[in-house]
Amino acid sequence: MNETEFHDRILEINRELNLRAEVSWDEEKTTDYIEKLFKDEFDVHRFNKTGLYIKIPGKIDKTVAFRSDIDALPYNFEDGLKVIHACGHDAHMTTLIGLLYKLKNTSYQPIYNLLFIFQPAEEDGSGAKYVLEHNILENVEYMFGMHVRPLNELKGNEFSSSIQHGASATLHVDITTTEGHAGRPWESINSIDIAMDLNQQIKALNHDGDRTYSVKMTTIETLSGTHNTIPGTINCVFDVRAQYNETMQDLQTNIDNICESINNKYDCTLKYFYSSNTVAADISDEAKDIITEVLKVQQHDYIEKIVTPGAEDFHTYANALPEIKTTMLGIGCDMNHGLHHPEMQYDKESIFTAINIYYDVIKKLDEKVD
């Protein structure tokens, strides 16, 4: 396959992936498509649900892993529901697929074992934990992810050798009191009043001058069903963010104390729990420096680290297996809207640069073994 054929083939694969965009845990067509691309060429394994991984044997008992997310996001339009790769996961998949094609075309014989993970359910926040359950990361020394970046972080043809994603969690609170007739409010306890008190105390944790963390109510729902009934049950949801794991721990401790205080203050039952917990990045300097070396040699404009309030479940791997050296490549791609915008578009040529970067990362790591 010559350079023109390679270019056209990779863009065709990108189009096919977009035609198969699927939400978390429904990525059957996407998984089938990638499996068919490589099942006759490489050692391909499907996970129990969706997603797959591909192994290329090397010459030593150590492994370099590359991970792409494969799920997309749902949006309601006038003509119905559509699922779109508005977070750029199509670019990530295409980069790993292109890297596999390049390794095959060049007949490159790696020294490290290579592991390519096409992970489901990143948007759901549970995909990395699911992959970890399959115990495929034994002997992995380095693990690399990637993410296309909006223009306010990286311009076209700019790259970063690490992304400092933050931690995130979803706080669910259920409050139950005594329901009653709105005409006799003294006979009941209004759960809305309690929820508003809770919200004010939690909001007070925020600091206008510190944007490294935030907590805010995003959903509130009463279950009374009628306008003339004082609701005895209310559910509310808070989005909790912190740039660093230690900050998240402190923030959740303060939230826990507030919830317990509210429960003791009122004649109510307050129950709460956290879901969708995503840890902040724990970047390996060694992994980051490998990418930086490649970016310098390839003469790309680069930033060593970008800090973003977004969350990424890729960092679950390093949190669970701290011996693995991890980082994420930030890809500048002239993105015309922000991530998760339904009209987000990016320059597809950035995919080819990312392929070449990670191809040279493999070679650079192999050279260090020699």
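Tyr 274, with a relative accessible area of 21%, is partly exposed, a class lying between buried (under 20% relative accessible area) and exposed (over 50%), with a 1.4 Å probe and protein chains only. Tyr 272, at 24% relative accessibility, also counts as partly exposed.

This is a predicted model, in which local features need pLDDT of at least 70 and side-chain atom pairs count only at pLDDT 80 or more, while totals for chains, interfaces and linings use all residues. Residues are numbered from 1 along each chain as its sequence is written, and side-chain values use heavy atoms, leaving out hydrogens and water.

## Aromatic pairs

The structure holds 15 aromatic pairs, where rings of Phe, Tyr and Trp (its six-membered ring) pair if their centres lie within 6.5 Å, and planes under 30 degrees apart count as stacked, over 60 as edge-to-face and the rest as tilted. Phe 66 and Phe 144 form a stacked pair, 5.6 Å centre to centre with 25° between the planes. Because Phe 66 lies in strand 3 (residues 63-69) and Phe 144 in strand 7 (residues 140-150), this pair ties together parts that are 78 residues apart in sequence; strands are DSSP runs (E, at least two residues), numbered from the N terminus. Both Phe 66 and Phe 144 are buried.

The rings of Tyr 272 and Tyr 274 have centres 6.4 Å apart and planes at 90°, so that pair is edge-to-face.

## Strand 14

Strand 14 (residues 233-242) is mostly covered, with seven of its 10 residues buried. Strand 10 (residues 167-176) pairs with strand 14 in the antiparallel sense over 10 bridges, pairing being assigned if DSSP finds at least two bridges between two strands.

Notes
Helices (H or I, at least four residues) and strands (E, at least two) are DSSP runs, numbered from the N terminus.
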